[in-house]
Amino acid sequence: MTAKIRLGCSRENINCNEIARVVEEAGAAALTVHGRTAADMFRGNADWERISEIKSHLRNIPLIGNGDLDSAEKVVAAFDQYDVDAVMIARACLGRPWLFAQAAAALRGEPIPPEPTLPEQRDVMLKHYQLVVDRFGDEKGTVLMRKYACCYAQGKHGARYFRTHVAKVSTPEEFHSVVEEYFPLHDPKRESQDAESVSSAAGS
Ligand SMILES: Cc1cc2nc3c(=O)[nH]c(=O)nc-3n(C[C@H](O)[C@H](O)[C@H](O)COP(=O)(O)O)c2cc1C
């Protein structure tokens, strides 16, 4: 059994070092720490210095650091700078599960795989949807997936239309038809970057 804690109840009442010792003595197999306090909710930044400090209060169990990791580079930096044994990623992986493959490559010292194209991202989302439906059934799975489908579209051109429509689906047919019609497949920012790299390659 593992445990997960925050730094404390508030920035004025940080007690994670003490709680870490209690958790280890109670027999936990590992400790995950989200570097915010309960009062912070999700405001501000996770305090990785505080997470790092906990390491010296644990005798044997692994310390898993958590908070604000949203890129392979940040994962590598977390291991390099903060002496954690593992990291946990929550929000950033919700619509970008390929982040794990990117982080794993970076940790092996290999080139970081690029973000999938938008059609590839849509296909990953559809596979995710299928797994959720297999697990929870058509209706519950479709309703559950409304929120996660939006994570895949987040930040993309047309995400708002997709969100508005996917929020109402309750059958696989409706889900697939909304994805077909509204899942964002064009990213003007990325297309202009691609065009720039093609023209600079052509110019060089
Ligand atoms: C959808 C969602 C559900 C979560 N559920 C839990 C939970 O049940 N228990 C928990 O300790 N933390 C929960 N969290 C918090 C995350 O585990 C994590 O500590 C927090 O999001 C910070 O990590 P991040 O910056 O990588 O998102 C949840 C977060 C999200 C986004």
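Visitor: What is the make-up of the chain over residues 2-180, and how far apart are the end C-alpha atoms?
Guide: In this predicted model, that stretch is 50% helix and 11% strand. Its end C-alpha atoms are 41 Å apart. An unreviewed UniProt entry annotates residues 2-180 as "domain: DUS-like FMN-binding". That label comes from the record, and such annotations may be inferred rather than shown by experiment.

Visitor: Into what domains is the protein chain divided?
Guide: Domain 1 takes in residues 3-107 and domain 2 takes in residues 118-182. Their centres, taken over C-alpha atoms, are separated by 30 Å.

Visitor: What makes you say that domain 1 and domain 2 are in contact?
Guide: Contact means heavy atoms within 4.5 Å. Four residues of domain 1 meet this cut-off with five residues of domain 2, so the word applies. Between them the two domains bury about 420 Å², of which 79% is on carbon and sulfur atoms. On the side of domain 1, Leu94, Gly95 and Trp98 lose the most area to domain 2, together 87% of what that side buries.

Visitor: Which classes of residue are found on the side of domain 1 that touches domain 2?
Guide: That side has three nonpolar residues, one polar residue and no charged ones. Gly counts as polar under the rule used.

Visitor: How many salt bridges and polar contacts join domain 1 and domain 2?
Guide: The count of salt bridges between the two domains is zero.

Visitor: Why is the pairing of Arg11 and Asp40 called a salt bridge?
Guide: Side chains of opposite charge can pair when their charged atoms come close. The cut-off is 4 Å, from a side-chain nitrogen of Lys or Arg to a carboxyl oxygen of Asp or Glu. For Arg11 and Asp40 the N to O distance is 2.7 Å, which is within 4 Å, so the pair qualifies. Arg11 sits in the loop between strand 2 (8-10) and strand 3 (13-14), and Asp40 in the loop between strand 4 (31-34) and helix 2 (48-54). The two are 29 residues apart, so the pair links distant parts of the chain. The structure holds nine salt bridges.

Visitor: What is to be noted about the phi of Met41 and of Asp83?
Guide: Most residues other than glycine have a negative phi. Met41 is not a glycine, yet its phi is positive, near 50 degrees. Met41 lies in the loop between strand 4 and helix 2. Asp83, also not a glycine, has a positive phi of about 60 degrees. Asp83 is in the loop between helix 3 (72-82) and strand 6 (86-88).

Technical notes:
Residues are numbered from 1 along each chain as its sequence is written. This is a predicted model: local features need pLDDT of at least 70, side-chain atom pairs count only at pLDDT 80 or more; totals for chains, interfaces and linings use all residues. Side-chain values use heavy atoms; hydrogens and water are left out. Domain bounds come from an automatic or database domain assignment. Buried area is the accessible area (1.4 Å probe) that two parts lose on being put together, summed over both. Helices (H or I, at least four residues) and strands (E, at least two) are DSSP runs, numbered from the N terminus.
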